[in-house]
Amino acid sequence: MTKIINFADYQKQAARTMKPGRLLKEDLADYTMGLSGEVGELLNKIKKNLFHHHSISYDEIAEEIGDCLWYLHAIATKFGLDMGEIAWQNIEKLKKRYPHGYTDEDSRNRIV
């Protein structure tokens with residue numbers, strides 16, 4: 001059974017695991033470096049699959065994406081941003097950029 005959580009609930013639950021009592025600059029350094037590290041882990045798994053012929057585990061990929069998501073939510077939370085709103089704004093931007101879905105031509109000639 002697939003379980004789904006909305007961004008608002010996720011952000012609230014994820015915020016419980018953020019370290020309290022630090023300066024904003026300390027949190028931002030921790031969370032941006034952590035995000036970079038998790039993206040690196042995700043890339044490494046994909047690289048090993050593509051170039052070293054390792055098997056790829058969708059569970060491991062999902063876990064790395066989840067770790068990236070935690071750091072993105074932590075950064076958004078520190079700035080008082082709502083990830084649901086960010087996701088909506090991003091979709092609206094993509095609708096303008098690719099009104100009929102992705103095309104290489106729209107990608108080359110994008111206005112937005």
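Buried, in these notes, means under 20% relative accessible area. I am working from a predicted model, so I keep that in mind throughout.

**Entry 1: the Tyr31 and Trp70 rings**

Next I asked how many aromatic pairs the structure holds. The count came to four. Tyr31 and Trp70 form one of these pairs, and the arrangement is edge-to-face, with 5.5 Å centre to centre and 80° between the planes. Tyr31 sits in helix α2 and Trp70 in helix α3, so this pair ties together parts 39 residues apart in sequence. I also noted a cluster here: ring pairs link Tyr31, Trp70 and Tyr71.

**Entry 2: the Tyr98 and Tyr102 rings**

Then I turned to another aromatic pair, Tyr98 with Tyr102. Their planes make an angle of 45° and the centres are 5.3 Å apart, which I logged as tilted. Tyr102 has a relative accessible area of 54%, so I wrote it down as exposed.

**Entry 3: α2 against α3**

Back to the helices that carry Tyr31 and Trp70. I looked up how α2 (residues 24-51) and α3 (residues 58-78) are placed: their axes come within 9 Å and cross at roughly 160°. Angles over 145 degrees count as roughly antiparallel, so α2 is roughly antiparallel to α3. The crossing of α2 past α3 is left-handed. I sorted the residues of this contact too, and they divide into 15 nonpolar, two polar and nine charged.

**Entry 4: α1 against α3**

My last stop was helix α1 (residues 7-15), which packs with α3 at an angle of about 85°, the axes being 10 Å apart. The two helices are therefore roughly perpendicular to each other. Which residues make the contact? From α1 I listed Phe7, Tyr10, Gln11, Ala14 and Ala15, and from α3 Gly66, Leu69, Trp70, His73, Ala76 and Thr77. By type, the contact of α1 with α3 divides into seven nonpolar, four polar and no charged residues.

Methods. Residues numbered from 1 in each chain as written. Predicted model: local features only at pLDDT ≥ 70, side-chain atom pairs only at ≥ 80, totals over all residues. Heavy atoms only, no water. Axes fitted to C-alpha atoms, helices over the stretch in contact; angles between N-to-C directions. Helix = DSSP H or I, 4+ residues; strand = E, 2+ residues; numbered from the N terminus. Parallel < 35°, antiparallel > 145°, perpendicular 65-115°, else oblique. Left-handed = near helix turned anticlockwise from the far one by under 90°. Nonpolar A, V, L, I, M, F, W, Y, C, P; charged D, E, K, R; others polar. Contact = heavy atoms within 4.5 Å. Phe/Tyr/Trp six-rings, centres within 6.5 Å; stacked < 30°, edge-to-face > 60°. Buried < 20%, exposed > 50% of the residue type's maximum accessible area, 1.4 Å probe, protein only.
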